[in-house]
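Please read each numbered point with the model in view.

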Amino acid sequence: MSYNKPLPRLDTLNKPFWDATKQNRFLLQHCPSCGDTRFPPGPVCPKCLAGEQTWIEASGKGTLESWVDMHRAYWDGYKDELPYRVCLVRLEEGPVVVSNLVDKTENLRMGAPVKVVFEAVTDEVTLPKFTLA
Amino acid sequence: MTELKDLKDKIAVIGVGNTRYGNFPEIDDYGLAAHAFRNAVQDCGIDKDKIDGLLVSRIPYYARMGEVLGLNPKWTITLPGHGRMSGMGIIEAATAIAAGHCDYAALLYANIGRSRRVNYGGDESPGTWDPWGFTSPGAAHAMMFRRHMELYGTTTRQLAEVSVSIRYHACLNPDAVMRNPITIEDHESARFITAPLRLLDYCLINDGAVCLILTSKERAKDFAKPPVLISGFGAQETYSPSSIANFDMDFWYPAISAAGKQAYDMAGVGHKDVDALMCYDNFSPTVLFSLEGLGFCGRGESGAFVENGGLSLGGKLPVNTDGGHLSNSYMQGWALNVEAVRQLRRECGARQIPDCEVVQYVQPTPCTRSIIYTRG
Ligand SMILES: [Zn+2]
């Protein structure tokens, strides 16, 4: 069955990120001038406005800041797996990202350590998700 | 240069109007706005050709709106259909009148989201996190409320108090969309939309329109109803993380505190003076965030504050006496500002706050605003 959930809209800014996830690497945009690190990427550094931005590889480790269980399918592809769990993770490097927590347990706590796992959903796209560490 | 605080009590709301609220597939945004405008004109008795300022929000084309109403103003602003635009628009119009851009400003908002089946999520509003299925403002508020539960031990039964009190007010408002009383148990047994939030934590989606007419305090004396003064306002944006729309890790606490302080200082009033709070209740948790940010209770103490009907008429602080977005009408803040005016004019019948003198509006959003209205 073909994958029928939303896929990332690739553009020149985020392409390096999605290229890297295919190799099971999680990249963060990084400012060589001031050291600011962020996700999603931007055209300039929001701290120092430097235009030349690079990428660093994140450890993939973080802590759970929050989570929700989506009981409504805003896309048809989710209809058969409601509810599904979305998490908010603070990465070791600082940025906060939204992802899916693959664990089904109800026994979750804010601050729980989590680590990235990679799920190849199509030939072109691998999604980083998180699991309790 | 004029300082903002010099605008204290200088601008008045002279006319307010709204349509019925519901599902109206047979009428478009311009039609709804025209009805609200006519009601506001009749409310104050102004000659509509005197109106020389036009602000529209969630209305496709300002010039067509002007044509529909027969207006050729000398000041126009168009704002997108985000709820946060209501507080912004009222403040912008007040400063435009003070600066002399116009003498009489009509502010118009219309929403046809119910009859046109707007979802507020999915492909209708594309976002960074769609590949993980994270979409809709409600999900962002659920994410914040989960943090509030974890940080402060706030419970969903406490959150239910917000919806129950606001529904109680809607039951006293003959124009409200939802007029059947609810209990904490009803809240707790409602279906989840995005856990931990349930159906009764979500605002309505309905059609309708609202209009306010503003002018200077001096000119305000000439009209049918007692003017209601804009005594104070405050503002603070929080634009990161905008990629996580409608979300703030800190529940917008710094922004609400800052905007609230500006408004209190400008108006020269304090918490004890506020007879009612009109709070942008797109989702019930925003009421808790507002109470803490404005300082009606300490950080993390809003759950206890709202218990036992704390937000109901006769309680500690009546909130959204018209039934708010949760139970009256989803007019994205505009109808709450109209309710503030009607409370101060003492036109609210069964839901009237006795001796109402000061009403505060607040919108905890990436563009946080607070406005304090008084009888002057
Ligand atoms: Zn930089």
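1. Gln53(A) is buried in this predicted model, and its relative accessible area is 15%. That value places Gln53(A) in the buried class because the class takes in residues under 20% relative accessible area. In the chain, Gln53(A) belongs to the loop between E2 and E3 of chain A.

2. What does the side chain of Gln53(A) meet in a polar contact? The partner is the side chain of Arg38(A), at 3.0 Å. The side chain of Gln53(A) also reaches a backbone atom, the oxygen of Ala50(A), at 3.2 Å. Leaving aside residues up to four places away in sequence, Gln53(A) touches Gln29(A), His30(A), Cys31(A), Pro32(A), Arg38(A), Val44(A) and Cys45(A). Two of these names, Cys31(A) and Cys45(A), return in the next point as donors of the zinc ion.

3. Which residues hold the zinc ion as protein donors? They are Cys31(A), Cys34(A), Cys45(A) and Cys48(A), each through its SG atom, lying 2.3 Å from the ion. Along the chain, these donors follow the spacing C-x2-C-x10-C-x2-C. Cys34(A) is found in the loop between strand E1 (27-30) and strand E2 (37-38) of chain A, whereas Cys45(A) is found in the loop between E2 and strand E3 (54-57) of chain A, so the pair ties together parts that are 11 residues apart in sequence.

4. The site of the zinc ion is tetrahedral, with angles of 103 to 117 degrees among its four donor atoms. For comparison, the ideal angle for four tetrahedral donors is 109.5 degrees.

5. The contact between the two chains takes 35 residues from chain A and 32 residues from chain B. The size of an interface is often expressed as the accessible area lost when the parts come together. Here the area buried between chain B and chain A is about 2800 Å², and carbon and sulfur atoms give 66% of that area.

6. How many salt bridges does the rule find across the interface of chain B and chain A? There are three. One salt bridge joins the side chains of Arg9(A) and Asp130(B), at 3.1 Å from N to O. Across the interface of chain B and chain A there are also 16 residue pairs in polar contact, both residues being at pLDDT 80 or more. On the side of chain B that touches chain A, the elements giving two or more residues are helix H4 (137-152) and strand E5 (192-195) of chain B. H4(B) supplies the largest share of that side, seven residues.

7. Over all chains, the structure holds 29 salt bridges. Side chains of opposite charge can pair when their charged atoms come close. In chain B, Glu67(B) forms a salt bridge with Arg64(B), with the closest N and O atoms 2.7 Å apart. Both residues lie in helix H2 (residues 62-69) of chain B, and being three residues apart they are separated by about one helical turn. Glu67(B) counts as exposed at 56% relative accessibility, and Arg64(B) is partly exposed, with a relative accessible area of 36%.

8. Lys225(B) is partly exposed at 26% relative accessibility, and Glu347(B) is partly exposed at 34%. Both residues take part in a network of salt bridges together with Asp43(B) and Arg345(B).

9. Arg369(B) and Glu237(B) also meet in a salt bridge through their side chains, at 2.8 Å from N to O. Arg369(B) is in strand E11 (residues 367-374) of chain B and Glu237(B) is in strand E8 of chain B, so this pair ties together parts that are 132 residues apart in sequence. Arg369(B) counts as buried at 8% relative accessibility, whereas Glu237(B) is partly exposed, with a relative accessible area of 27%.

Terms used. Residues numbered from 1 in each chain as written. Chains lettered and ligands numbered in written order. Predicted model: local features only at pLDDT ≥ 70, side-chain atom pairs only at ≥ 80, totals over all residues. Heavy atoms only, no water. Donors = N, O, S within 2.8 Å, 3.2 Å for Na, K, Ca; no water. Tetrahedral: all angles 85-135°; square planar, octahedral: opposite > 155°, others 65-115°. Helix = DSSP H or I, 4+ residues; strand = E, 2+ residues; numbered from the N terminus. Contact = heavy atoms within 4.5 Å. Buried area = accessible area lost by both parts, 1.4 Å probe. Salt bridge = Lys/Arg side-chain N within 4 Å of Asp/Glu carboxyl O. Polar contact = N/O pair within 3.5 Å; in protein donor to acceptor, adjacent residues only side chain to side chain. Buried < 20%, exposed > 50% of the residue type's maximum accessible area, 1.4 Å probe, protein only.
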